[in-house]
Every structure is written in C-alpha cells, then in structure tokens.
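The following exercises concern a predicted model. Please work through each task before reading its solution.

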Amino acid sequence: MGEHLNIHSALQRRAREAKSWLFEASFPLWSREGVAGSTFAEALDFGHSQLDADTSRVRVQARQTYVFATAAARGWQPEEARDLIELGLDALRKHCRRPDGLFGRRLYVDGRGLADDTADLYDTAFALLAFATSARIEGEMPILIALPQAIKSELSHPAGGFRESLPPPEFRLQNPHMHLFEALLALNKVRAHQEHQEMTDHVLGLCRDHFIDSKTGTLGERFHQNWSTPSSDAGDLVEPGHHFEWVWLLDQYAKMKHEPRPPEAQRLYEFGLSTLDAEGRAVQEVTRKGAPHDKSRRTWPQTEALKAHLAMWQSGDDTAGQHAIDSFDILMDEYLTPEGGWVDHYSANGDVLAQNIPASTLYHIVLAFDYLMDVAEA
C-alpha cells in the first residue's frame, strides 16, 4: 500500500507538470502559431513558424479540434478554445466532407475544398472523434447520427469490418479500425445508442478474432481481405505503440461496460513491455518474436506506453506505475520542449530525424496527459 501511495504522489506531481506544460506552453503556442487562416496548420518549423503549404491533411483538422475541445473541457481559456473548436468543425463540415458523408484525405488551406477526396476510414474516424469530443462543449450534432451511418453504408466489408479507403487498398489494416473504435468510445460517452454500441462491439470482435494473434498475443497491422495474416513482412512486422494503444482502449471499453478488462489486454501489455529499451522507450517496429526492426523512436509510442502503464497501474500493478513515471520523464526530458513543441522522431542512436514539428502529434500528447490528470486526480 505504501508503494502505491508513493507512486500516486509521484504521478500527481507529474500530472501538475503536464497541465502546466499544456496550459502555459502548448495550448498558447498552437492557438497562436498553429492556425492558418480558416484551418489548422500542418506543422511548424523548429522556430515555431508555419511551413508554407497549399494543403493539409484532414486528420490534422480533426485532431486539433479534439485538442481544443479537450482544452475547453479542462478549463483552458474557454472563449478562445471554443472559437478554435468552431474553426475546426467548420473546416471539417465545409471543406473535408464528401457528398456521401465520408471524409477525404487532404484539403486546400485556402478553402477550395478537398485536394484529395479519397474516402479514408482513418480520417473519417478522426472526424468522428472530433465531433464526439466537441459535443461535450457544443452539444448534440446531427452528424453524430449521420457519420456512423455513412461508415456502415459506404465502407462495410463482406468479411467484417470496413474498407479502409475507396478504392480499397491491397491489405486490410488494423490501425484505421483501432481509431474508429476510439471514436466510437467517445461517441458512446456523449450519445448512448444501441446502434453505436453494436458498431463498437463489432470492431472489438475484429480485434479479438483477427487483429490479435491467439498464439503469440501480438497485434497484427496488415491482413489479406479475409483477415488471414500474410506470410511476408507485412504480416510479421508489428508496432509496440499500437499494442499499448489497444491496452488503453480495451481498458476504457471495460470501464464503459462495467466489466473486467479483457484478458487480451494483459498479453498485449506484456509484449509491449518486452520491446522497450533499457530506459523504457518504445521503438517503432519489431517482429512478432519481439526482435527490433525499426529501432527509431517517435513521440507518439511514448504517449501510448504512458497510457497503458497508467491503465495497468490503476488495476494494482505498482510496477506499471513506475513504468508510467519513467515514460512521462522520457517525454518531458527528451521529446517535449519548454515552448510547447516537441522533437517528433529520433534515430536508434538518438540523432534527431524530425524535420519539423507536426501538429498531428499534439493529439497523442493531449490524450495521454488528459488521462494522466484523471488517473492522478490532479
């Protein structure tokens, strides 16, 4: 009990540090320099100036909308945060949505609409997350009904799950389904509906039946059209960051349902732990046997590891609590900058690979720090 209390105290201190970094550095930076006219900027250079770009990814508009909806929910500059939410929602509604109700991949920043109108499940899932999260501030929106219906009607796949894009890619992909699951969890918090719950359960079934290998407990990334696993590198290479991400998602689902956490989460967590380097950093890619393939290190797997450690610590695993402390310290000491930016990518040797500060990473940081503040009650 004493160790648990000590870890709780240590996490509370770090949660206060996380809140200070968000409120005093990152939210101000990205609300000031991260807005390009009527859209959110794709990236900043290391001097915190916008990069010249004619287009931006739709997912950036969705993720930054999520960021400022979370900022508003936490009490950061309510009027300014609400204006930024509206900016993001307007960009998504007016410039990113196709006639069939799905979302494309890239938009012109001058308001001309979609530069790449390929229907994309990944980007559509993030649009749903943006709308669902913003509904906590803005209230009910018709699109919260229409968008899941469009996903089902336009993207449903006969083998289960959803087409990742139109036209469909060569391989089925785990990652877009994971983010759809995340968005549906957020949707269920603001609009409980049987159809949405059934859709959430359907994606959970895909994870249990297809994404996670029953023999190794590892999470696949690419699959054949019938969800069988390719025998090539496409089937053997996996990402520890996604293992940690699913640990947190499965934990969130269990809490929503008031059920025990699915046992698959423990196996995913154990595999993810086995791939960390000696200091506790998460690498980009390993084989199903855990052998390193891409030992470079990006920011987002560190945030996903932090979330997974916190979820496991809440269940009484004090070792996971110490891992959470280590993950947070790695983020603050090596990745995040005092001005509210970050170094997004290091080589295995610690050389900086990042060429700019991509806006899309802030969603990962905010989500992890928001969860840390909840867990630590700070």
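**Exercise 1.** Determine how helix 4 and helix 6 are oriented relative to each other, and describe the contact between them.

*Solution.* Step 1. Helix 4 (residues 121-138) and helix 6 (residues 174-190) pack with their axes 8 Å apart and at an angle of about 20°.
Step 1. Angles under 35 degrees count as roughly parallel; helix 4 and helix 6 are therefore roughly parallel to each other.
Step 2. The handedness of the crossing of helix 4 and helix 6 is left-handed.
Step 3. Helix 4 contributes L121, Y122, A125, F126, L128, L129, A132, A135 and R136 to the contact, and helix 6 contributes N175, P176, H177, H179, L180, E182, A183, L184, A186, L187 and V190.
Step 4. Sorted by class, the contact of helix 4 with helix 6 comprises 15 nonpolar, three polar and two charged residues.

**Exercise 2.** Carry out the corresponding analysis for helix 5 and helix 7.

*Solution.* Step 1. Between helix 5 (residues 143-155) and helix 7 (residues 194-211), the packing angle is about 40° and the axes are 11 Å apart.
Step 1. This angle makes helix 5 oblique to helix 7.
Step 2. The crossing of helix 5 and helix 7 is left-handed.
Step 3. On helix 5, the residues L144, P148, Q149, I151 and K152 meet E195, H196 and M199 on helix 7.
Step 4. The residues of this contact divide into four nonpolar, two polar and two charged.

**Exercise 3.** Which residues have the most contacts inside the largest nonpolar core, and with what is F369 in contact beyond its sequence neighbours?

*Solution.* Step 1. The largest nonpolar core has 117 residues, and L180, W246 and F369 are those with the most contacts inside it.
Step 1. L180 also belongs to the helix 6 side of the contact with helix 4.
Step 2. With neighbours within four places in sequence left aside, F369 is in contact with A18, W21, L22, L306, F328, L331, M332 and L336.

**Exercise 4.** Examine the backbone at P167, H48 and W227.

*Solution.* Step 1. Most residues other than glycine have a negative phi, and most peptide bonds are trans.
Step 1. The peptide bond from L166 to P167 is cis, with omega near 0°; P167 is in the loop between strand 8 (165-166) and strand 9 (172-173).
Step 2. H48, a residue other than glycine, has a positive phi near 70°. H48 lies in the loop between strand 3 (43-44) and strand 4 (55-57) and is buried, its relative accessible area being 17%.
Step 3. W227 is not a glycine, yet its phi is positive at about 75°. W227 lies in the loop between strand 10 (222-223) and helix 8 (233-236) and counts as buried at 3% relative accessibility.

Conventions: Residues numbered from 1 in each chain as written. Predicted model: local features only at pLDDT ≥ 70, side-chain atom pairs only at ≥ 80, totals over all residues. Heavy atoms only, no water. Core = buried A, V, L, I, M, F, W, Y, C linked by side-chain atoms within 4.5 Å. Buried < 20%, exposed > 50% of the residue type's maximum accessible area, 1.4 Å probe, protein only. Contact = heavy atoms within 4.5 Å. Axes fitted to C-alpha atoms, helices over the stretch in contact; angles between N-to-C directions. Helix = DSSP H or I, 4+ residues; strand = E, 2+ residues; numbered from the N terminus. Parallel < 35°, antiparallel > 145°, perpendicular 65-115°, else oblique. Left-handed = near helix turned anticlockwise from the far one by under 90°. Nonpolar A, V, L, I, M, F, W, Y, C, P; charged D, E, K, R; others polar.
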